[in-house]
Amino acid sequence: MAQHPTLLQGQQTELNQHALELTYDRQSFWLNGERIFLNSATIHYFRMPKEEWRDVLLKAKLAGMNCIDTYFAWNVHEPEEGQWDFEGDRDCGAFLDLCAELGMWVIARPGPFICAEWDFGGFPYWLGTKPDIAFRENNDVYLHYVDAYFDRIIPIIRDRQLSAGGPVILVQVENEYGYLKGDDAASAHMNRLRDALLQRGIDVPLITCVGGAEGTIEGANFWSGADGHYAKLRAKQPDTPKMVTEFWTGWFEHWGGASAIQKTAPLLEKRIMEILRAGYTGISYYMFYGGTNFGGYGGRTVGSSDIFMITSYDYDAPLNEYGRGTAKYDVTKRWSYFVNAFDSVLLQAEEIPEEQLQVRHGSGISVRGRAAGDQRILFVESHKEERETVQVTLEDGRTLPMSLHPGQIMPLLDRVRIANDVHLTGGTFIAGNEQVGGELTLFIAADTGQRSIVELEAPSLRVLDSTMAALYTHDAAKGAYRFDLAHFREPGVIRLQCGNTCLRLIVLDMETMNRTWRLEGEASGDAVRYAIGFDDVRVLPSGQVQGMLADADRTILLLGGWENGERSLNGHELCNASSAQRAGALPVPPKLSAPEVSLVELSAEYASRTGQPEAFSDYGQDFGYLLYECEFQRETADDAVHLIMTGVQDSARIYVNGVEQALVRQVGAAAVPIRTVSGHNKLQVLVQQMGRLNFSPYLGESKGLFGPVAAGGAVQDIRRDWQTEQGTIHLDEVHPDAESSVIRRCFVLEEGMDRAILVGAVSKGIRMNGVEVPMDGYHDWFAFTTLDLSPYVKQGTNTLEMPYRASPLARLELILYRSTDELSGWKMAGSDQLLPRSWQPYAAEGTSADGRDRSMQKERSSALTGHPLAKAAYGRPVWYRFSFQKPDVPEPYHANLIVRLTGMSKGTVVLNGHDLGRYWQIGPQEDYKIPMAWLKEENELLLFDEEGALPERVRLLYDAPSRYPWVQVE
């Protein structure tokens, strides 16, 4: 047996007699002396209510996952300094215990930095207020608070390690540090965090991702490029197993962006095949279930000024935001079943050198392979433009047809041993390969109507019975039996006696394979069972199994140790024998009451300590809204005064004299035209905290409005008219051949102008009038920064230079103003001062109302005089209050509730005191999750809408699978 040392040389874990031990060698991890393939589902406990944990975790297990990967979010557990919370939905220890109860291992990722598209990368907001702090480095202030966090979180993980009889098998040091700094620069800080884990009793192997630390196992995070990442890991750590610590199944989405649906299910399948072909023996699917960014926890990432995460973290993952399976769930389940069936080969296989493959094939396909002894798995990839059946000839002259879609990779099993005297060869999807109901069972699948060839080598073979035509030929010289199988919508079963082995072939089309569910026995030793034909399956805490059927005409096949035995039956029969026969009308979503309305009085009382606007953290508020207010004088009325905001990191609504003037979206710094009157003017800026950076060297940015604000100045879009040696280029156009050019542009600073701000997509190496401008920490691929050029500019003509990197650019602006125009005397109001104070009935347009309603409508009309939204909104922030009854969902159904905010503008939605998150109806999110666990008999739904958009089209609905009944399976 190969050597499989523990994590650190000389460090031996003292295990109690009941504990397991995780070790490793260059090929894989070992659990108590047996190799294991880590099929890990990334699921974050803090992105769903506690009541949903079990169903989501079980869905992962039903998909063939044996491990759960989770971050721990510091800001969830210490939202205010010294105020720790590990109760209810934040009880991460209970989450780990549930994983153990369900028989799942755990990869624990405590950070302290987690990224995760989560506000501040998991850091609590108050950490940014500490003087002299520097994040993610060996800074004394930072490490003081990290140690305090570790003192709380690590014991929860330590007490649930393998050595304590718990589920935690791996613990990660920090997260993706290599993206921030190279290995040499990273080692000191990573080693410091590694030691902090060891000192607190972590004794399972430590892992890292994208950047390592001495004595840890490094993994790779990616969607594509499996071979390149594998080669880099093998060069760095030749004696460790190779894991994909984050296999990106989808992507996040941001307000105003497109839906992230580019990573399709067929592409996901191909990437999984590339990972297996490269030789990885661990895959963590990030995300397997994304969940929701409730409250203000959605983060912000680099790449533009306003990439703020939407409230949904669906991630286009295998399980959607509501825990329902998607086409990607089918893919991950199907190929996890394949991995679990043939892991004995995959875990020991080595790449077959090209010259040793001895495989012949036609044009348009390529073949690579891995071998464990005389057992081989060949990966056949199509480079054709249409689906086609190709022929592959193996080394002993056997030729197999394989049906491949364009770009598809399909494994071909070549003489894989499934029993002592039985070998299997096949070029289609095959899984199972275990004892089910006393018989060795294989599932063989292909597209509907296709044929597949499977060969069995055995000393003898006899067909015992078959529900389909069992066509086969026998090559006596090779002892091979060649089956020609047709794949129909109805399952086929062929029972064989192969030598001393009872073998059962379950022949399916791919859609039915996707509806095949493996259910492990309980700890009492119940046999493995399979349920075939259900669209979805649940396992209740009682152990009862329920299946969901979208089509009762479908055949249901139950294999293994079911209470009523193995059987095949029509869906109608199963429904008639269960509670589904009592199902009445389909579940009807509850109706919202007529809303009540509370108009928000915008008024600030707290005087800024500096005279300038203060950021959220300085004000002492993490999320929500801040209102900024100041007054200023103008000698004459002006319809186009520029309001200059030198520091604004969130969307902001500008009001002058009570009338909305603009919604600022592109932030960092901004200049927007406003209308002023002669004499006294009142300026108000309403800012919603849209999410702190979750990844950047600039973590801890100030949020809200801060720094100088001026009334007067100018803004120039400077993307055009840049000069190169070859001529003029415009940065709002594509210039693929300008990569090595230094580009320059001139601008004029008028007399009296003494402040200059550059904001947008720049490249490092900017020179202003021949002097290089410092840009500490900036990387070109960030594509956004704000630079104060004031120390480098002069009156008259100025020259700006920078290396050309990429175009088109979404934004590059130069903001100019006079310091004498800066505004002072700012006051502020927090979210608590914007709460509803009194409620009035809402009367929709065209309806009759009593006098009270008419006076409210009159107030609305007066407030909207001249406003472009006059016929669609109140034109000012408004609270709406709805009520609705808890839905009465009939027993055979399991419903998920959604609120669709059609017609609303931007704001916050609150259910029974639970902050469901931000909304902004600019897409891509349209619907918002209402957790059933947070419902009461009488429910209150509050909407804070910034524009006072009219709520006539807001409604509740169920997700599509809610209409299908579930049946008991026994």
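This is a short talk on the fold, the surface and a few individual residues of one predicted chain.

Before the structure itself, a word on conventions: the model is predicted, so local features need a pLDDT of at least 70 and side-chain atom pairs count only at pLDDT 80 or more, while totals for chains, interfaces and linings use all residues. Residues are numbered from 1 along each chain as its sequence is written, and side-chain values use heavy atoms, with hydrogens and water left out.

Let me start with the chain as a whole. Its secondary structure comes to twelve helices and 62 strands, where helices (H or I, at least four residues) and strands (E, at least two) are DSSP runs, numbered from the N terminus. The radius of gyration, taken over C-alpha atoms, is 31 Å, close to the 30 Å that the globule rule gives for 970 residues, so the chain is as compact as a globular protein of that length; the rule in question is 2.2 Å times the number of residues to the power 0.38. Along its principal axes, the C-alpha trace spans about 105 × 70 × 60 Å.

Of the 970 residues, 60% are buried, and by buried I mean under 20% relative accessible area, with exposed meaning over 50% and partly exposed in between, using a 1.4 Å probe and protein chains only. If we take contacts, meaning heavy atoms within 4.5 Å, between residues at least 6 apart in sequence, then 72% of them join residues at least 24 apart.

How many disulfides does a search of the whole structure find? The answer is zero, with a disulfide defined as a pair of cysteine sulfur atoms within 2.5 Å. For C67, the closest cysteine sulfur is in C99 at 8.5 Å, which is too far for a bond. C67 is buried, at 0% relative accessibility, whereas C746 is partly exposed, with a relative accessible area of 46%.

Next, helix α1, which runs over residues 53-62 and is mostly covered, seven of its ten residues being buried. Those buried residues are W53, V56, L57, L58, K59, A60 and L62. After α1 comes G64, with a positive phi near 90°.

L789, in the loop between β50 (785-788) and β51 (796-803), is buried at 0% relative accessibility. Leaving out residues up to four places away in sequence, L789 touches A756, L758, M768, V773, L800 and L814.

T301 sits in the loop between β11 (282-289) and α8 (327-346), and T301 is also buried, with a relative accessible area of 9%. With the same exclusion of residues up to four places away, T301 touches F252, I307, M309, L693, N694 and F695.

I922 belongs to the loop between β58 (914-920) and β59 (927-930), and at 34% relative accessibility I922 counts as partly exposed. Which residues does I922 touch, not counting those up to four places away in sequence? They are W255, G256 and R665. The C-alpha atoms of I922 and W255 are separated by 6.7 Å, although the two residues are 667 apart along the chain.

That loop between β58 and β59 also holds P924, and the peptide bond from G923 to P924 is cis, with omega near 0°. Another cis peptide bond runs from Y286 to M287, with omega near -10°, and M287 is in strand β11.

E117, in the loop between β6 (105-109) and α4 (140-158), has phi near 55°, a positive value in a residue other than glycine, and E117 is buried with a relative accessible area of 8%. V210, in the loop between β8 (206-209) and β9 (217-222), likewise has a positive phi, near 50°, and V210 is buried with a relative accessible area of 15%.
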